[in-house]
Amino acid sequence: MGKKIIILNGSPRKKGNTAALTAEFTKGAKEAGHEITEFFLGEMNIHGCMGCFGGGKNPESPCAQKDDMDKIYPVYKEADIVVLATPLYYWTISGQLKTAFDRLFAVAECDPNTRNPKKESVLIMAAEGHGFEESEYWYDRLEKHLGWNSLGKVLCGGVMEAGDIEGRKELQDAYKLGKSIH
């Protein structure tokens with residue numbers, strides 16, 4: 001039986017280099033029999049976390065704020081794998097992805113015994129430069145702090161304009177990573 005995979009795409013460009021990587025990952029994962037749901041966060045109305053600790057009262061809509069996160073929460077809760085896809089912005093993940101990720105805390109508030117749901121994860125990034133260290137540092141801590149298990153990373157530097165990624169080996173890497181999930 002296939003796994004349920006959620007892609008949180010933090011790129012504002014729906015046809016950019018990050019989207020090209022997620023498309024290849026999705027192609028491979030679908031061929032391997034998995035179910036994919038992708039959210040383009042830049043097109044969604046998602047507010048920043050207020051740090052109110054008021055979430056968790058309603059598992060169907062865990063956050064005190066009501067916005068487009070209510071579309072993400074049920075998919076996230078059912079997902080086996082969370083793909084964090086983002087361009088590199090100022091040496092880290094995009095604000096769109098960080099905002100949505102912060103709001104996942106409301107799901108953790110639903111069950112004080114288990115806190116954060118245990119997930120497998122993937123990091124997909126595209127960047128003009130090659131300085132992924134800060135993003136990798138953050139991502140690598142998900143295992144320690146959330147109990148997540150990384151299935152891999154695809155980091156593609158040297159791609160600024162949409163389409164610069166064409167012909168790059170990282171597209172094949174993304175496809176192979178999606179296809180390798182079992």
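Me: What does Cys-52 count as, going by its relative accessibility?
Reply: Cys-52 counts as partly exposed, because its relative accessibility is 43%. The cut-offs: buried is under 20% relative accessible area, exposed is over 50%, and partly exposed is in between (1.4 Å probe, protein chains only). This is a predicted model, where local features need pLDDT of at least 70 and side-chain atom pairs count only at pLDDT 80 or more, while totals for chains, interfaces and linings use all residues. Residues are numbered from 1 along each chain as its sequence is written, and side-chain values use heavy atoms, leaving out hydrogens and water.

Me: OK, new topic. How many salt bridges are there?
Reply: Ten. The rule is a side-chain nitrogen of Lys or Arg within 4 Å of a carboxyl oxygen of Asp or Glu.

Me: Which residue does Glu-136 meet in a salt bridge?
Reply: Lys-153, at 3.1 Å, N to O. Glu-136 lies in helix 5 and Lys-153 in strand 5, so the pair ties together parts that are 17 residues apart in sequence. Salt bridges with shared partners also join Glu-136, Asp-140 and Lys-153 into one network. Helices (H or I, at least four residues) and strands (E, at least two) are DSSP runs, numbered from the N terminus.

Me: And what about Glu-31, which residue is its salt-bridge partner?
Reply: Glu-31 bridges to Lys-179, with the closest N and O atoms 3.3 Å apart. Here the pair links distant parts of the chain, as Glu-31 is in helix 1 and Lys-179 in helix 6 (residues 169-180), 148 residues apart.

Me: Switching to the sheet: what's the strand order?
Reply: The order is 2-1-3-4-5, in an open sheet of five strands with parallel pairing. Strands 2 (35-40) and 5 (149-156) are the edges, each pairing on one side only. Two strands pair if DSSP finds at least two bridges between them.

Me: How many bridges hold strand 4 and strand 5 in their pairing?
Reply: Seven, in the parallel sense, with strand 4 covering residues 120-126. Ala-126 has Cys-156 in strand 5 as its bridge partner.
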